[in-house]
Amino acid sequence: MQWNPIARLLIISGIALIVLGLLWQFGARFLPFLGRLPGDIVIERGNVRFYLPITTMILASIVLSLLFTLVARFLN
């Protein structure tokens, strides 16, 4: 059976997001620095908290780019 390339991409992306979500949920206690890196912005005023994890997003982007590159090379 021949897989449609877009279907394959969606399936792999979905699996990767599920794995990432599970790692984020259950691995948070093993990576306590995640979300509190230098460059992450937290503004607290009264009972309002604004949180923008810039450095964490950049780090996650690099890791995901490497992961997707490895998966793409493995599948081709």
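Me: At what angle do helix α1 and helix α2 pack, and how far apart are their axes?

Reply: This is a predicted model, where local features need pLDDT of at least 70, side-chain atom pairs count only at pLDDT 80 or more, and totals for chains, interfaces and linings use all residues. Residues are numbered from 1 along each chain as its sequence is written, and side-chain values use heavy atoms, with hydrogens and water left out. Helix α1 (residues 5-26) and helix α2 (residues 54-75) pack at about 135 degrees, their axes 12 Å apart. Axes are lines fitted to C-alpha atoms, for helices over the stretch in contact, and angles run from 0 to 180 degrees between N-to-C directions. Helices are DSSP runs of H or I with at least four residues; strands are runs of E with at least two; both are numbered from the N terminus.

Me: Why are α1 and α2 called oblique to each other?

Reply: Under 35 degrees counts as roughly parallel, over 145 as roughly antiparallel, 65 to 115 as roughly perpendicular, and the rest as oblique. The angle is about 135 degrees. α1 and α2 are therefore oblique.

Me: Which residues of α1 and α2 meet?

Reply: From α1 come Arg 8, Ile 12, Ala 16, Leu 20 and Trp 24; from α2 come Thr 56, Leu 64, Phe 68, Val 71 and Leu 75. Contact means heavy atoms within 4.5 Å. By class, the contact has eight nonpolar, one polar and one charged residues. Ala, Val, Leu, Ile, Met, Phe, Trp, Tyr, Cys and Pro count as nonpolar, Asp, Glu, Lys and Arg as charged, and the others, Gly among them, as polar.

Me: What makes the pair Arg 49 and Glu 44 a salt bridge?

Reply: The term needs a side-chain nitrogen of Lys or Arg within 4 Å of a carboxyl oxygen of Asp or Glu. Arg 49 and Glu 44 meet at 3.5 Å, N to O. A search of the whole structure finds one salt bridge.

Me: Is Arg 49 buried or exposed?

Reply: Buried means under 20% relative accessible area, exposed over 50%, partly exposed in between (1.4 Å probe, protein chains only). Arg 49 has 60%, so Arg 49 is exposed. Glu 44, at 53%, counts as exposed.

Me: Why does Thr 55 count as partly exposed?

Reply: Thr 55 has 25% relative accessibility, so partly exposed is the label. Thr 55 lies in helix α2. Leaving aside neighbours within four places in sequence, Thr 55 is in contact with Leu 37, Pro 38, Gly 39 and Asp 40.

Me: How do you know that Ile 18 is exposed?

Reply: Ile 18 has 55% relative accessibility, so Ile 18 counts as exposed. The place of Ile 18 is in helix α1.
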